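Work through the following exercises with the sequence and the 3D view side by side. Try each task yourself before you read its solution.

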Amino acid sequence: MRGDKVRLVVVLAVLIGALLALFWPSKGGWMSNIRLGLDIKGGARIEYLVEIEEGTENPTDVVDDVWTVLRNRLDAAGYTEASVKKVFRENKSYIVVEIPGATDTVQAEKLIGSTGVLYFAQVLDEYLGDDPTKVPELALEAKRENATWLRGRDGKWYLVKKEIMGRKDLVLEAPRIIYARPEVETRTGRYGYKVSFELAKEYVEKFKKITQALYVPEGTYDPKKRLAIVLDNVVQFAGQVVAIITDGKAEITGNFSLEEAKQLAAILRSGALPARLVKTSSGWVAPLLGRDVIDSSLKAGIIGIILVLAYMLVYYRAMGIVADLALIYNTILLLGVMAAGKFILTLPGIAGIILTIGTTVDGNVIIYERIKEEMRAGKPVRTSIAAGFDRSLSTILDANITTILTGLILYYFGTGTVKGFAITLIIGVLGSIFVNLVFSRLLLDALAPFLKTPKVVEEAQGGNKR
Amino acid sequence: MRREIDFMGKSRIFITISLILIAISVVSIFTKGFNFGVEFTGGSEIVVRFENKSITEADIRKAISQISEELASSRIVQVRSAGDPANVLKYSIVVSKIYEPEEKQKIQEEIEHLLSGKVVSFNEISGTAAEEIKRGTWTAILVALVVLLIYITIRFRFIFGVAAIIALVHDVLITMGFFSIFGYEINVAAVAAFLTLLGYSLNDTIVLSDRIRENMKRYRGRNIVNIVNMSINQVLARTINTSLTTFLVVFVLLLFAGNAVKPFAFGMTVGTVVGTYSSLYVVSPIIVKWTK
């Protein structure tokens, strides 16, 4: 059958893809491609002292705000499984950040370390050499213009001025940003990603004036009329204003890579920290669950799964083999996607996997019960299989779509742990739909001639008499 | 003909059982409350430093168990800071209790005496999960319920959606009641178990609703009690097989996994049973009552 051939190719391709993601490139040890969470593997631990200025009215509020900003930044940059903790010691407040796996701590530290205030500024000049403040004429230029030389993320130096066009009423510091996200660049002649953002209402008017003041028609260039976004005293971005923005919705285009766009969006979105953070220590933390717990849980999990496999085999005989293979296939698929997507596996994630085992078995059971019903009604094996699949399709879709909807909502609203759980859940359920409808179908069709054995038919008819 | 179990005939009894279980749960939740883990309540972190020692988590647990009960169930994790010499071992002991200064002093002395290590810091820590889970999770649950209601109303009927949501609330309330009654700790993993249970319970309900819908079309005009009974019987083998297999995994986990995983396994085990029960005995009576 043509359908079966297509299925076979798809099933094999997916399997090979998953195996590749799991085992290649192998850095040693099986499962080394799966990123494990703090609870299972431990990770990097960085402690910061929150420096609160004396006379601050509500110091606990400041610490709470720092916590929120850090949590948002980590979530926005994909570190959903990191933990952020407030620690108090001898009347001082600390923030402890723990990041699963220790591979990209440097990047994470950069993200956390962005402690300054976010503001918009005018670019007056740029310079490509070393520190321009040490070059007399450049230093003089800064003094004359009442501006400052700041380093840019791109390595260039920029002469920037907070008072845009010299106007005090155009200073825009620490604006609230409603959203900022990377978007695919669609205009011709450009490539990569851009960042779009929207300012809160109260800043719209001022931003409009700023863009009016700095506006240059597209195609022309005025080096003294550029807008800079500054955070941490680093020019995050500098570019021409090619449109007057009246509604606070703007785009930053610069042929960014996805990673750059994501980071810029995260910085815009999370704003500036309300206090200075001083790194007091860094190091690592062992698995939070403890090795003994992990070992015994792993053993228990394997025993559980073997029992499930055995049960299906005993109850459904030949079809049980298909169910078991489907279960194994889906587990490989899920782990493969976790590895490829660099998702982090934690205990709550394992909860998601167990639910997946449930839904995979369930999908198979729904199909088999239908097939049995069809066989009991006296239909031939092949027809029964086809009818069984057709008639269970809507049940399987309804049951799984509701779960996926729940997962998407949890992902959208949740933070940290909840987000992580939602990811495993969604991947697992999508996988189980694929496995049930494509993989199982393929195997059952292949198995059809054997299902005709008198025993099975008898069993099916026996069910009728019972 | 296969023998049909008369589910609907006994629905009064089962509704009563459910109501009693819910009542017990609610009473326990309000009087006894929950045993929240350190991720929710916050607590204290004691960092102990050992030099030239090959001390393990188990040794520490054994020693500090003599000091107090809450220390016995603390979370002990090895930590290492950049720049620590190789022969130095540091452990972080986290316990869900905040101590008074005198108590701190006493505990510090006892730990140093029992373990001959040095307490380098005694911190008060916030619950990491509390804020994470507070933020957004309630909104998420409310939005999810509305979306599910809409989806089920479109695909089935409004009343099927209502029944599914009542079943969800039923399952979560009773499972939470069990947590309260048995004093199992509610930690992040337990929350994951609750979320999983929602998905599971829903799955079960949808499969049954699907069959009822189909049979309503096929046997138009037939008594609804009859149709629901027939539908439950038709999906019974599937319900039992699916529940049993999920139950096997989580029950083995409950029996053999370590303490930190127990709350999760417990939640899943109770949830599987309650979730199965509710789709058979809670959802169907509601549908019957409303479509009559």
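This is a predicted model: local features need pLDDT of at least 70, side-chain atom pairs count only at pLDDT 80 or more; totals for chains, interfaces and linings use all residues.

Residues are numbered from 1 along each chain as its sequence is written, chains are lettered from A and ligands numbered from 1 in the order in which they are written, and side-chain values use heavy atoms, with hydrogens and water left out.

**Exercise 1. Describe the contact between chain B and chain A by its residues and its buried area.**

Step 1. Counting contacts (heavy atoms within 4.5 Å), we find 68 residues on chain B and 76 residues on chain A.

Step 2. The size of an interface is often given as the accessible area lost when the parts come together. Here the buried area (accessible area, 1.4 Å probe, lost by two parts on being put together and summed over both) is about 6,200 Å², and carbon and sulfur atoms give 64% of this.

**Exercise 2. Find the salt bridges and polar contacts between chain B and chain A.**

Step 1. A salt bridge requires a side-chain nitrogen of Lys or Arg within 4 Å of a carboxyl oxygen of Asp or Glu, and this rule finds seven of them across the interface. One example is the pair B:R238 and A:D362, whose closest N and O atoms are 2.6 Å apart.

Step 2. For polar contacts, a pair of N or O atoms must lie within 3.5 Å; within protein, one must be able to donate a hydrogen and the other to accept it, and residues adjacent in sequence count only if both atoms are side-chain atoms. Between chain B and chain A, 18 residue pairs are in polar contact, both residues being at pLDDT 80 or more.

**Exercise 3. In which order do the eight strands of the barrel follow one another?**

Step 1. Strands are DSSP runs (E, at least two residues), numbered from the N terminus, and two of them pair if DSSP finds at least two bridges between them.

Step 2. Within chain A, β2 (residues 43-51) and β4 (residues 92-100) run antiparallel and are joined by seven bridges, with A:G43 opposite A:P100.

Step 3. Between the chains, three bridges join β14 (residues 276-285) of chain A to β3(B), again antiparallel, and A:W284 stands opposite B:R80.

Step 4. The barrel closes in the order β2(A)-β4(A)-β3(A)-β5(B)-β2(B)-β4(B)-β3(B)-β14(A), with antiparallel pairing.

Technical notes
Helices (H or I, at least four residues) and strands (E, at least two) are DSSP runs, numbered from the N terminus.
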